[in-house]
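Student: Please show me the structure. I would like to go through its helices.

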Amino acid sequence: MSRTLIFAAALAVAAPAVAEEKPVDPYTQSNANAGAVPFTGEQMLAAFHGRDGVARIVDDTLDRSVADPKLREIFHATDMERLRRTLKEQVAYLLGAPVAYTGRDMKTTHKDQGINTAEFNILVEHLQLAMDKEGVAYRHQNQLLAKLAPMKRDVVTR
């Protein structure tokens, strides 16, 4: 075996698996897809400890949700890397960060997932636990939840 083949084989074994991004149907990227008008000013984003805090909250929420036997099937065929990125964008955008939301609208995103009210409520509980863990004050949590609540009609489809 040549040195090149040995080196290539060693790289293949040593290289971490790269998550393959799953294609999505074409759509127009727009901040309007985020589902709500963002807060103004810097207070809300600061209450969530900036974009780093938002990232921790989103990661914790998704980690809890994927591990939850009642929700795990919803995420089975999901491109988790894309979901993490777009959910972080959405929350940061809604909290007033200078970031663009590049995801799809909530109705299109959830139309074939068959999410019911009980599953939606579990996801909200995971979000609340993640915000608690991050030390976000309840009044700020409630303000974000009030902004997200109307999206339920587009997320819950059964």
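Tutor: This is a predicted model: local features need pLDDT of at least 70, side-chain atom pairs count only at pLDDT 80 or more, and totals for chains, interfaces and linings use all residues. Residues are numbered from 1 along each chain as its sequence is written, and side-chain values use heavy atoms, without hydrogens and water.

Student: How far does helix α4 reach from its first C-alpha to its last?

Tutor: Helices are DSSP runs (H or I, at least four residues), numbered from the N terminus. α4 covers residues 80-94, 15 residues in total. The expected span is 1.5 Å times one less than the number of residues. That gives an expected 21 Å, and the reach is close to it, at 21 Å.

Student: Which helices do the buried residues of α4 pack against?

Tutor: Buried means under 20% relative accessible area (1.4 Å probe, protein chains only). Among the buried residues of α4 are Arg82, Glu89 and Tyr93. Contact means heavy atoms within 4.5 Å. The partners are α3 (50-67), α5 (106-110) and α7.

Student: How are α6 and α7 oriented to each other?

Tutor: Axes are lines fitted to C-alpha atoms over the stretch in contact, with angles from 0 to 180 degrees between N-to-C directions. The axes of α6 (residues 117-134) and α7 (residues 138-148) come within 11 Å and cross at roughly 150 degrees. Angles over 145 degrees count as roughly antiparallel. The two helices, α6 and α7, are therefore roughly antiparallel.

Definitions and conventions
Parallel < 35°, antiparallel > 145°, perpendicular 65-115°, else oblique. Buried < 20%, exposed > 50% of the residue type's maximum accessible area, 1.4 Å probe, protein only.
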